[in-house]
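I opened my notebook for another careful look at a fold. Here is what I looked up, entry by entry.

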Amino acid sequence: KNTDSKGNVYYFNQLTMETKWMPPCAICNKEMGKRICSTCDFVVYCVSCYENYHDSIEDGKDHVWKAADIDKEPLKNGERYCVRCSVSAAKKCCKVCRDPYCEKCFREIHSVGRLAKHQWVTWEEFKKGWQEVKGRVDGEKDYYFNATTMESTFDKPEELMLEEELAEHRLHVKYRKENEKNLKRIDKLAEKVAQFQYEKDQMWFEANMKKTAEKEELELLRQQLEAAEAKKKDRWKKMILHPIAFYKEWRIEQKRAQQLS
């Protein structure tokens, strides 16, 4: 059983891939229903199954039946068939079941037990927009359903709010949007802070590397001065202890210097 975009009920056979406007026979479930027995609580039969079944039960021949499509009411724009009989246009819609019924079927279905406590609205009112749907069992949250758009939500729509409630809700929405904007600004500022911190760390690293290079250069210069000073002391020591050898080396260095110049 399915419903098209206009609310018309049709039946689809998943095995044969056939589509029909009338329901299948309740007994064989193969042939299209031709007769509706009002005595059997509006059960649909094909002709063969109707005759065989009613011949086998007591007073079966006295049952009243009608053609399955004889009373199918034509739908106006925006109307839907009753979910139970699929013959009459829906007049009431159960706010709990969310199903549309004609007057007769609604009385029969919602006459006893907990179903009798179900609230209803007219189909005209129900199809206009949002309706509150109460939870069927303890612990199930109430929610809202839009029969026109087929949307459902746990948040109360603005169309159902009272004047003070709507003003408070809109104020809450305003603050929530401002809060979302502030959160985005905080995220952007956090990105900028991270960028500045990176640049600061980069500058510190480069400055530290520069200091390290200068320190290494000074250390190298100190080592060179120490080496020159040590060499100078060695020359003076050699000159005192071995003056002749020192003089010969000095003469050789002077000749080399003259040749290079």
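Is His54 buried or exposed? I began there, keeping in mind that this is a predicted model.

**Entry: His54**

I found His54 in helix α1, which covers residues 47-56. Its relative accessible area came out at 3%. Buried means under 20%, so I noted His54 as buried. Next I looked up what His54 touches, leaving out residues up to four places away in sequence. Cys37, Cys40 and Tyr45 are among the contacts. Gly60, Lys61 and His63 are on the list of His54 contacts too.

**Entry: the sheet**

How many strands does the open sheet have, and in what order? I counted 3 strands in the order β10-β11-β12, with antiparallel pairing. The edge strands are β10 and β12, as each of them pairs on one side only. From one strand to the next, the twist averages 25°.

I then went through the pairings. Strand β10 (residues 130-133) is joined to β11 by 4 bridges, and the two run antiparallel. On this side I saw Val133 standing opposite Tyr143 in β11. Strand β12 (residues 151-153) pairs with β11 over 3 bridges, again in the antiparallel sense. Here I could write down two bridge partners: Phe145 goes with Ser152 of β12, and Tyr144 goes with Thr153 of β12.

**Entry: side chains of β11**

Which way do the residues of β11 point? In this strand, residues 143-146, I saw Tyr143 and Phe145 point one way, while Tyr144 and Asn146 point the other way. I checked burial as well, and all four residues are buried. Putting the entries together, Tyr143 is a buried residue that faces Val133 across the pairing, and Phe145 is a buried one with Ser152 as its bridge partner in β12.

**Entry: Trp204**

My last stop was helix α4, residues 163-241, where Trp204 lies. Is this tryptophan, Trp204, buried or exposed? Its relative accessible area is 58%, and exposed means over 50%, so I put Trp204 down as exposed. What does Trp204 form together with Phe205 and Met209? I noted a nonpolar patch on the surface, in which Trp204, Phe205 and Met209 together have about 370 Å² of accessible area.

Conventions
Residues are numbered from 1 along each chain as its sequence is written. This is a predicted model: local features need pLDDT of at least 70, side-chain atom pairs count only at pLDDT 80 or more; totals for chains, interfaces and linings use all residues. Side-chain values use heavy atoms; hydrogens and water are left out. Patches are made of residues with over 30% relative accessible area and no salt bridge: like charges are joined within 9 Å, nonpolar side chains (Val, Leu, Ile, Met, Phe, Trp, Tyr) within 5 Å. Accessible areas come from the Shrake-Rupley method with a 1.4 Å probe; for residues, only the protein chains shown count as cover. A salt bridge is a side-chain nitrogen of Lys or Arg within 4 Å of a carboxyl oxygen of Asp or Glu. Buried means under 20% relative accessible area, exposed over 50%, partly exposed in between (1.4 Å probe, protein chains only). Two strands pair if DSSP finds at least two bridges between them. Axes are lines fitted to C-alpha atoms, for helices over the stretch in contact, and angles run from 0 to 180 degrees between N-to-C directions. Contact means heavy atoms within 4.5 Å.
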